[in-house]
Amino acid sequence: MGTPSNIKLIDENGLRLDGRGDEELRPIKITTDVLERADGSAFIEWGGNKILVAVYGPREAYPKHTQDIEKAVIKARYNMAAFSVDERKKPGPDRRSIELSMVISNALSSVVFLEQFPRTSIDVFIEVLQADAGTRIAGLTAASVALADAGIPMKDLIVGCAAGKVENTIVLDLNKEEDNYGQADLPVAIIPKTKDIVLLQMDGDMSEDEIDRAMDLAINASLKIYEHQKDALKRKYFSIAQEDEQ
Ligand code: ADP
């Protein structure tokens, strides 16, 4: 992850390439109920990331051997569109997207009341239309909103943020250049009510103290993003109530 000598990621005033301070989030906007055909959907814009999520189900799991007689199975599919990055990405699943689909499925499975829907699958399609670092967490954050939009019973939403180390500074919510040339990236996702960690990965190296600081930053930021998620869902029900009144 070394920094090329011509790229300075943090300037003498402590500001990052996109003008943020070390503890600042990129702008986040979440909308829900964006696809009519899906049972639930959400769209998230987070910095330069644009990610669409569609949820279908619970519906009979197919092929049949994937059914669990005791509970629903969450099948999340993370996909980066070929046009989502500067250089065209080879279409189709690769090792990275298979891994991300698995960690996202596991995280979502920890909040949904799966026992209520035996033999079914809940299919979660995460389509990254524009990628700018932090897509796994942005996708997961939007996916939990889309599950709630589908009316699927859950203990809570899931929300996350990444933090990392850039030019020996611990920073929140890495952008693309920081992700590519920084020293470490630590994506974290939690269940906000219990603070249980449901996704934790790390790329690069940090000391124990640095990890603690990065975790604190990421968890505090997650609690702020949780408010964006709840607002998106409230806006949906507010507009339905208004339509009913008319
Ligand atoms: P995350 O998006 O969760 O941070 P990574 O750290 O693996 O995941 O990727 C960081 C960023 O690098 C992505 O958001 C994307 O902008 C870019 N990237 C990832 N995979 C590819 C790829 N195959 N081709 C081009 N750019 C990619």
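Helices (H or I, at least four residues) and strands (E, at least two) are DSSP runs, numbered from the N terminus. With that in hand, welcome to the tour. You are looking at a predicted model, where local features need pLDDT of at least 70, side-chain atom pairs count only at pLDDT 80 or more, and totals for chains, interfaces and linings use all residues. Residues are numbered from 1 along each chain as its sequence is written, and side-chain values use heavy atoms, with hydrogens and water left out.

**Stop one: S41**

Select S41, which sits in strand β2 (residues 40-46). Is S41 buried or exposed? S41 counts as buried because its relative accessibility is 0%; the cut-offs are under 20% relative accessible area for buried, over 50% for exposed, and partly exposed in between (1.4 Å probe, protein chains only).

**Stop two: salt bridges**

Side chains of opposite charge can pair when their charged atoms come close. Here a salt bridge is a side-chain nitrogen of Lys or Arg within 4 Å of a carboxyl oxygen of Asp or Glu, and searching the whole structure turns up 18 of them.

Pick K236 and D149, whose closest N and O atoms are 2.5 Å apart in a salt bridge. This pair links distant parts of the chain, with K236 in helix α4 and D149 in helix α2 (residues 135-149), 87 residues apart. Both residues are buried.

Next, select D94 and K89, a salt bridge with its closest N and O atoms 3.9 Å apart. D94 counts as partly exposed, at 29% relative accessibility, while K89, at 12%, counts as buried.

Then go to K230 and E227, whose side chains meet in a salt bridge at 3.3 Å, N to O. They are 3 residues apart in helix α4, so about one helical turn separates them. K230 is partly exposed with a relative accessible area of 27%, and E227 is partly exposed too, with 39%.

For a group view, select R16, D18, R20, R26, D132, D173 and E178: salt bridges that share partners join them into one network.

**Last stop: a charged patch**

Which residues form a negative surface patch? Select E208, D209, D212 and D216. Patch members have over 30% relative accessible area and no salt bridge, with like charges joined within 9 Å; Asp and Glu count as negative. Zoom in on D209, found in helix α4 (residues 208-245). At 62% relative accessibility, D209 counts as exposed.

How values were computed. Patch = residues over 30% accessible without salt bridge, like charges linked within 9 Å, V, L, I, M, F, W, Y side chains within 5 Å. Areas by Shrake-Rupley, 256 points an atom, 1.4 Å probe, with all protein chains shown as cover. Charge placed at Lys NZ, Arg CZ, Asp CG, Glu CD.
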